[in-house]
Every structure is written in structure tokens, then in C-alpha cells.
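Student: I have a model open and would like to work through some of its parts. Can we take them one at a time?

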Amino acid sequence: MTASSAPATSYKDTLNLLQTPFSMRANAKVREPEIQAFWAELQLYERLSQQNPGESFTLHDGPPYANGALHVGHALNKILKDIINKTALLQGKRARFIPGWDCHGLPIELKVLQGLKSSERAELTPVSLRHKAHAYALEQVEGQKAGFRRWGIWADWDQPYLTLQKSYEAAQIGVFGAMVLAGHIYRGLKPVHWSPSSRTALAEAELEYPDGHTSPSVYAAFPAVELPEALAAQLSAAGLSAETATAAGGLAVAIWTTTPWTLPANLAVSVNERLDYAICAVAPQGDNAAPAVSHLVVAAELRESLETSLGLALTPLLSVKGADLEGIVYRHPLLERTSKVVIGGDYITTEAGTGLVHTAPGHGVDDFNTGKKYGLPVLCPVDEAGNLTAEAGPFAGTNVLKDANPTILEALEGTGLLLKQERYEHRYPYDWRTKKPTIFRATEQWFASVEGFRAAALEAIAQVEWLPASGRNRIEAMVSERGDWCISRQRTWGVPIPVFYHRETGEVLLNQATLDHIQALIAEHGADVWWERDEAGLLPAEYAAEAAQWRKGTDTMDVWFDSGSSWAGVLGGIAGGESRAPELHYPADLYLEGSDQHRGWFQSSLLTSVAVNGHAPYKRVLTHGFTLDEKGRKMSKSLGNVVDPAVLVEGGKNEKQDPAYGADVLRLWVSSVDYSADVPLGPGIVKQLADVYRKVRNTARYLLGNLHDFDPTRDAVPYAELPLLDQWMLQRTAALIDSVSGDFQRFEFYRFFQALQNFCVVDLSNVYLDIAKDRLYVSGAQEFRRRSCQTVLALVVERLAGLIAPVLCHMAEDIWQNLPYAVAERSVFERGWPTAPAEWRRAELETPMEQILELRALVNRQLESCRSGGQLGASLEAQVQLELSEGSEPTAAALAWLEASAHPSVDNLADWLLVSALQQGGSAPAEVLAEASEAGVTVRIAKAAGEKCERCWHYETDIGQHSAHPSLCGRCVAVLG
Ligand SMILES: [Zn+2]
């Protein structure tokens with residue numbers, strides 16, 4: 001077939017069109033697992049994390065609880081970690097990541113119990129319960145692990161750390177033992193948060209404070225029966241004799257409580273020695289009944305407000321200091337005993353109540369401490385189910401969360417000593433598992449004495465870098481204020497507190513010999529051994545003869561002690577300990593969890609590490625917020641606003657409604673959010689992310705598609721010989737690399753997300769590639785103007801793949817696998833973090849380029865108005881005339897810069913404006929279609945002269961001069977020739 005006989009449309013085949021197997025559609029459901037299999041085959045993570053030339057980097061994984069399906073909170077956390085690890089790997093560091101799971105504890109124990117028939121439950125032994133819990137936890141770990149892997153997270157998935165592993169449990173016993181031997185662990189009767197519904201003590205981290213809790217707010221009078229001499233004298237001088245005051249119906253101290261069930265445990269009334277108190281005559285106001293006392297002691301500052309709330313006139317008779325009240329003997333309003341007014345502490349304020357505090361040492365921490373000061377017993381007439389015991393006298397058998405309050409209030413009302421009761425809404429701790437209220441209850445528990453290492457912990461906090469910096473204040477305040485850490489739990493599924501009690505005396509056996517022996521047993525057999533063996537089988541040889549005298553303890557450790565020992569169990573940070581991998585170090589470089597972990601894992605890890613080694617287990621701590629829906633609400637099934645990451649990645653049942661967006665879109669979301677605050681996610685956000693994903697993908701596809709015949713070793717143009725436009729594009733690429741490198745360094749991934757979009761949409765699509773179309777499609781395949789452009793495309797696409805690799809890891813690898821020319825590295829991750837040669841950084845290119853882009857925008861606006869007016873179609877139908885007058889100097893300088901280019905075939909304004917002809921100065925075109933002036937630059941649009949070339953669509957005046965190709969311009973004829 002000769003050219004002249006060919007139909008015009010065949011010229012399309014003479015263009016250099018896109019060719020690439022890199023598809024427009026991600027097909028993530030198929031392609032992402034293929035890419036992951038490719039990585040596995042290459043042993044990519046394993047090789048990079050173990051053989052990279054750089055330093056080791058330890059991001060220590062906080063273990064998620066091994067129960068339930070993965071949610072977007074897991075995605076935020078693990079993907080952030082993975083972005084950081086992948087960046088480190090690309091930067092040549094040995095970033096080994098050992099994923100962990102928290103496997104012990106009540107929720108799993110409850111799951112197992114709930115799954116049993118009552119007959120099975122009856123036969124359950126601690127050992128069989130533990131076996132079932134173990135199996136359940138492992139099953140949950142496998143489920144969550146599959147989800148994490150599908151998200152493209154790199155880790156030692158085949159060797160995770162589990163808090164139920166023998167070696168981990170043994171290391172934890174090592175931490176406990178070191179704390180015992182350092183004197184930081186003690187046993188004591190102490191009020192702890194107790195959950196009657198779970199029948200166990202709870203840690204702070206196991207409490208939640210739901211809205212809307214109300215308690216009875218109760219004011220009561222405790223009648224005085226004896227006064228200290230000095231007070232009696234003062235009162236007498238004020239007109240109230242000691243006899244009258246201490247007789248029935250005389251003087252009483254007024255107290256306030258929201259837990260009337262603790263009244264049977266009352267052993268003192270506490271005052272603040274520095275506060276002023278008023279002794280007042282009492283008279284009823286309005287219809288109120290007169291109380292059964294004539295005088296009341298209240299804080300002076302509260303007197304007036306109490307008049308209102310109690311409905312009594314309180315006429316001050318005498319003002320005294322709290323210290324003067326110490327020693328008043330009062331009669332218990334409900335029981336046959338007397339107690340004293342004592343000096344409490346600064347916890348007694350005038351913010352609420354009466355300024356005199358009902359004190360029950362068995363049911364409150366302040367009460368306990370005050371009681372200790374006065375040698376009061378730790379009376380706790382409440383059993384583990386919350387029932388009052390015989391010590392509560394007539395109230396025995398009532399339940400503190402049910403009938404105890406009304407029964408006690410009714411009795412109090414009968415005495416005439418109830419001054420007032422009403423409902424009161426306040427913050428109150430609930431059991432986070434059972435969602436039922438907790439109480440304070442004194443029990444025999446094991447404690448870590450935070451007081452013993454508080455100063456060291458605060459010093460350690462100061463040495464850590466907290467990101468954001470406000471995290472430091474949070475944890476500092478929590479550690480300064482926290483009481484001793486109750487580490488014992490009355491449950492079965494956990495690590496035992498390895499202690500023996502003397503069967504007769506109750507004496508405790510816990511020393512280096514027993515600790516070492518049990519640690520060795522657990523290292524060999526796992527913690528089950530504690531339940532499987534009797535005392536003789538658990539005690540070291542030197543105690544064998546007296547084994548019958550000892551009884552092993554039944555408490556397990558708080559699960560926060562489990563996970564808080566991971567620096568020992570995983571990073572090997574304990575004497576004789578081994579880390580899980582040679583690349584791991586202690587203290588870790590980074591801990592990264594939700595901001596609630598200042599109360600949880602960050603703190604438990606800090607306390608154990610400081611107690612044993614005197615320093616924090618981490619150098620930096622980075623926190624993230626929580627995931628919410630698009631309206632800032634919590635995700636919940638009842639609101640129907642839950643985004644299931646599995647559905648987002650793999651698609652839902654109805655793929656039209658819930659398409660499979662793939663892991664990269666989930667990862668892109670993580671990179672897009674400012675995670676220092678709470679982060680939103682919902683269907684609208686997912687759609688926007690999918691759009692951004694497509695833009696990046698299409699940009700990459702365009703770059704790859706234009707490189708199908710390019711071989712850098714053969715065709716690349718040296719930097720110095722590149723046209724200005726190309727050098728500018730490389731300058732933009734260098735700027736992107738610099739800014740993104742900084743963003744990743746500072747963990748500010750949302751800046752990367754913005755910079756990436758800007759680069760793809762503005763620098764590449766709107767400017768460089770828009771102008772480059774003619775160079776790429778129309779030029780001869782091997783022409784300089786095309787090869788120079790391909791040189792840039794290759795340099796850019798390789799770096800783009802590297803920059804997105806930590807986040808869009810699958811797309812980055814897909815790009816790499818579709819590079820149409822040979823590269824040395826099999827994976828984008830083997831290439832390493834993108835860099836730019838120094839010669840690319842030519843900031844002087846930016847100023848003239850900005851001027852020209854402004855001019856381009858002005859021309860585009862005029863072309864657009866012509867198009868919308870129907871005067872023009874494609875911009876190539878137009879010619880542009882420019883006229884420069886006063887004020888146009890920056891533009892003129894930019895045009896001169898462009899004209900001075902050594903490569904006018906690329907660096908020419910008509911091509912950059914996508915028009916067929918450009919005229920500078922001279923006379924205006926005959927028929928001006930549009931005209932505009934800005935900053936001394938006048939732009940006139942007119943129809944281009946000549947005819948449209950069938951091949952390049954330029955309007956040229958030399959068409960028809962070539963008989964072989966009568967519909968082509970001279971340039972195109974030359975290309976075909
Ligand atoms: Zn042409």
C-alpha cells in the first residue's frame with residue numbers, strides 16, 4: 001500500500017501512541033495479592049530488614065488484643081507503622097518488625113466460658129480452661145494476621161510475639177522477679193477498683209466513665225457525743241454548753257456521700273485542718289421538717305449554699321479551724337459504735353458536699369490513707385459479689401449495686417439524721433467489659449509500689465521525645481498522680497503471680513530461689529505448669545521437704561503487666577534476656593499507638609522498664625487519634641456508620657455498592673489524615689481517595705505508556721543537553737523528593753499526600769505532560785525532542801514509584817514491574833529511597849517558568865472564552881499575538897530566557913501555549929476573537945492561518961506541498977520520510 005492511497009485515518013498509526021500493560025484499573029483484588037506473592041518469593045522484607053547496609057531501626061509493636069475482627073482503628077495503627085518501616089527500609093535501615101498480640105485476660109476467658117454448655121462448664125478445670133483460651137487466642141491471632149497481611153504490612157508474620165508464648169511468659173516472670181527483688185512489689189489490703197459483676201479487681205485502664213451515671217446524693221448528720229476540751233470551752237463561751245451539745249438532739253457533724261452503702265463501713269469523719277468551719281444553729285425553712293439535731297458543723301464557705309440545698313436556716317454560732325474539730329467523738333447514725341473526727345488532707349475541699357468527709361478506709365483511697373495515719377482498721381463489710389457481710393449489721397445480705405442504698409437510706413431516714421437526698425449525675429467508673437458500675441473495695445492484692453520509682457519514671461519521661469509534645473504532659477500528669485499499681489487479678493487465663501503462702505501463718509514465700517525456679521519451669525513448659533503441678537512440683541529443691549506447708553497462689557497478673565513487659569519479652573531488655581532478632585534493640589527507637597495508651601501500654605511499659613532498668617523502653621513515642629465517621633461521630637453498628645476495612649479492601653457482597661478499592665486506598669487514607677487528632681472515614685472520603693488513587697495511577701500509566709520504545713542506556717539525553725522545560729520538570733521532581741523526604745522524617749504523611757497530588761495534577765498533567773503531547777506523539781520516535789522528554793519521564797516515573805512506595809506499596813511495585821526497560825533492581829524497594837542529583841536543583845528556573853505559566857493561564861482563559869462562544873474548537877486552531885508594554889518586564893525577561901534556549905524545537909512559546917502560531921509585537925491580527933491585558937501584557941487570539949494537518953492537527957501554511965502526503969504539514973512529512 002502506498003502512502004498516497006492510504007485513508008487519512010491511517011496517519012493515526014504513524015503516531016507514537018501509549019503502550020503499556022500497566023492497566024488503568026487497579027484490579028486490586030487480584031493484583032495486590034500477586035504483588036505480595038512476588039515480594040514473598042523475593043524474600044524482600046526478610047532480606048532488606050536483615051541485610052540492609054544501614055543502622056537497625058526498632059519500631060516495637062504494641063500488641064493488639066487477640067479478640068475480634070480488625071477495624072479501621074487497627075488499620076490506622078498498623079499502616080502508620082508500616083509506612084514508617086517501609087520508609088526506613090527504603091532508606092537502607094534494617095527495620096525488623098516483630099508483630100505482637102496480647103493474648104491473656106478476661107475477655108478471652110469470658111468468650112471461652114460463654115461458648116460452653118453448663119455441663120461443660122461444671123467440669124472445667126483451670127488447666128482445661130487455659131487450654132481452651134490458648135486455642136481461642138491462637139485462632140484469633142490467625143484471623144487478624146491474615147487481615148494485616150492483606151493490607152500489605154511487612155513483618156515477621158511467621159514469628160510474631162504472643163504474650164502466651166513460653167519465652168515471653170518467662171521473661172515477664174523475670175520482670176516481676178526483678179521488681180520483687182528491688183523491693184517494688186508488695187502485698188496489702190487496700191481499696192482497689194473492684195467489679196462485683198466480674199468479681200475481680202480492675203486496673204485504671206479497665207475502667208470507663210459512661211455519660212449519665214447517677215448516684216444518690218445524701219447529706220447526713222452524725223451526732224456528737226464527746227467534744228475536745230478546747231472546742232467545748234469555745235462553744236460554751238458562744239452559748240452552747242458541752243452538755244447540750246452532746247445530748248440527744250444536740251450538735252452533729254454534717255457529711256455528704258454518693259455511696260450510702262459505704263456508711264456501715266464508716267470509721268471516721270475527716271476535715272481539712274486549714275479550712276474554716278462554722279458551727280451553726282439549725283432551724284427548718286418553709287415546710288421542711290426540723291432535723292433531729294439543734295446544731296450542725298459545716299465548712300464556713302459552704303454554709304449559705306447548704307442553707308438552700310438542705311432547706312435549713314444555718315445561723316453561725318462559732319467559727320473554728322478544721323484542726324479544732326479533731327477529736328470530736330460521734331455516734332454512728334446506724335450502728336452501735338462511736339468514731340472520731342480526724343484530720344484528712346487537701347483532698348477535702350469546699351467544691352461540693354459539706355467540707356466534712358465520711359471516711360470508710362476499706363472503700364476509698366483517700367479514706368484508706370487517712371485511716372492508716374490514725375491506725376483505723378480497713379473495714380470492708382462487702383464480699384466479692386458486692387453483698388454486705390455480717391460486719392454491716394442489719395444490712396447484711398443487701399447488694400451495693402441493688403438494694404443496699406435504699407435499705408440504708410430508709411433506715412437513716414427513720415433516725416431523723418438524713419438531712420437531704422436527691423439524684424446526682426457524675427463521672428463514675430464502670431467495668432469496661434461488663435458495662436456495670438464498679439466499687440472501691442479493700443482486698444488482699446499484689447501491688448507495684450509506684451512511689452518507689454516515681455521520681456525515676458518522671459526523669460525517664462523527660463528523656464523521651466513525645467510526638468506530639470502534649471503527650472509528655474499527659475503521661476507526666478498521670479504518672480505523678482497515680483497510686484500504686486494493683487497487678488493481681490482473680491482470674492485463670494494469665495501469667496501466675498508465682499508466690500506461695502504458708503498454709504497456717506499466711507506468710508509469703510517469694511525470693512530469688514523460687515522466682516528463678518519458676519521462671520525456668522515456665523520457660524520450659526509455659527505458664528500452664530503453675531496449674532498443672534502441685535506445690536511439690538513447683539518449689540525448688542531446697543523447699544521440697546516442706547512443700548506440704550505451702551499453698552500456691554491463684555492470682556494472675558494484670559494483662560497490662562503482660563504487655564508492659566514486652567521490652568523484656570521481645571527486645572531482650574532484661575539481664576539474661578534475649579531479643580527476638582539481632583536487629584532489635586532496647587530501648588526501642590519508636591513506640592506508636594493511640595493516645596489512650598498514655599494511660600495503658602506506654603505507661604505500663606515505662607513503669608516496668610524504669611523499675612527494672614531505670615530508664616524508658618523507648619526513645620520516641622508517637623501517638624495517633626481515634627477513627628470517627630465523616631460527621632465526627634463514633635462508629636457503631638447502631639448508627640450504621642461503620643467502615644469495615646475488609647469490605648473496603650476486598651469489596652462487599654454487592655460490588656456495585658461496595659467495590660473492592662484495595663489495600664492501597666486504605667493505606668492512602670492513612671497517609672491523608674492529620675492523625676494527631678481524631679480522624680474521619682466514611683463513604684464520601686473513600687470516594688475522594690479512590691479519585692486521588694486513580695489520578696496517581698493514570699499519571700504513572702501515562703509515563704510508562706510513553707516509554708515503551710525507550711532504553712535509557714541507548715536513548716537517554718544527558719542532563720546538560722536537556723531543554724529548559726525538561727530541566728524545570730526535574731527541578732520540580734527534586735523539590736518533591738526534598739519535601740516528601742522531610743514529611744516522612746517528621747511523620748507528616750498528610751503533607752506527602754498533598755504534595756503528591758499537586759505534583760501529579762499540576763506539575764505533570766496540567767503543565768509538563770500537556771505540553772509534551774506533541775513531542776511524544778507527533779515527533780519521530782528517535783527525534784531529540786521526543787527522546788529528551790522520555791529521558792525525563794523515565795527519571796520521574798522511577799522516583800515517583802519510590803516516593804509512593806511506603807504508602808501505595810502495591811502500585812509502586814506494579815509501576816516497577818511495568819518499567820519497559822531493564823533496571824538493576826527486581827523490586828522498587830531494592831532501589832532505595834529516591835534521590836535527585838545536585839544539578840537538578842536549579843531554583844533559578846522557577847521564576848521565569850512561573851511568569852510563563854501565568855501568561856499561559858491568561859491565554860488559556862481567552863481560548864476558553866472563544867471555545868465557549870463557539871468561535872474556536874481545539875486550541876491548535878488558534879494563533880496568539882502578544883504585545884508587551886510598561887510593567888511587563890518580568891514577562892519579557894522570561895520570554896528572553898526562553899528564546900535563549902539552545903533547543904527551540906522544545907522551548908518555544910507556541911508549543912507551550914498549545915497554539916499553532918505565535919506572533920510577538922507587530923500589527924494585530926485582522927480578526928481578533930478575544931483580547932485581554934494583564935500586567936502590561938496584551939494577549940490577542942485569532943484563527944490560525946493555513947490548514948489543519950491531518951496528522952498533528954497543527955494549522956500550517958505548508959500543507960499540500962507534498963504530493964505523497966497532500967494533507968500533511970512539512971514537519972509531519974519529514975517524520976514519515
Ligand atoms: Zn503535521
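Student: In which sense do strand β6 and β7 pair, and over how many bridges?

Tutor: This is a predicted model. Strand β6 covers residues 185-195, and in β7 the bridge partner of S195 is T200. The pairing of β6 with β7 is antiparallel, over two bridges.

Student: Which are the edge strands of the open sheet of four strands?

Tutor: The order in this open sheet is β7-β6-β20-β22, with antiparallel pairing. An edge strand pairs on one side only. The edge strands are β7 (200-201) and β22 (485-486).

Student: Is α1 roughly parallel or roughly perpendicular to α29?

Tutor: Two packed helices are described by the angle between their axes and the distance between the axes. Helix α1 (residues 28-42) packs against helix α29 (residues 809-817) with the axes 10 Å apart and an angle of about 75 degrees. Angles from 65 to 115 degrees count as roughly perpendicular, so α1 is to α29 roughly perpendicular.

Student: Which residues in α29 do those of α1 meet?

Tutor: On the α1 side, the residues are R31, E32, I35, Q36, F38 and W39. By class, this contact has four nonpolar, three polar and four charged residues.

Student: Which helix gives the largest share of the lining of the second largest pocket?

Tutor: This pocket holds about 540 Å³ of space. Of the 22 residues that line the pocket, the closest to its centre are Y777, V778, L876, C952 and W953. The lining divides into 12 nonpolar, three polar and seven charged residues. The largest share, six residues, comes from helix α27 (residues 749-778).

Terms used
Residues numbered from 1 in each chain as written. Predicted model: local features only at pLDDT ≥ 70, side-chain atom pairs only at ≥ 80, totals over all residues. Heavy atoms only, no water. 1 Å grid on protein atoms, 1.4 Å probe; cavity = no way out; pocket = protein on both sides within 12 Å on 5 of 7 lines; lining within 4 Å. Points joined across faces, edges and corners; volume = space filled by probe spheres on them. Nonpolar A, V, L, I, M, F, W, Y, C, P; charged D, E, K, R; others polar. Axes fitted to C-alpha atoms, helices over the stretch in contact; angles between N-to-C directions. Parallel < 35°, antiparallel > 145°, perpendicular 65-115°, else oblique. Contact = heavy atoms within 4.5 Å. Pairing = 2+ DSSP bridges.
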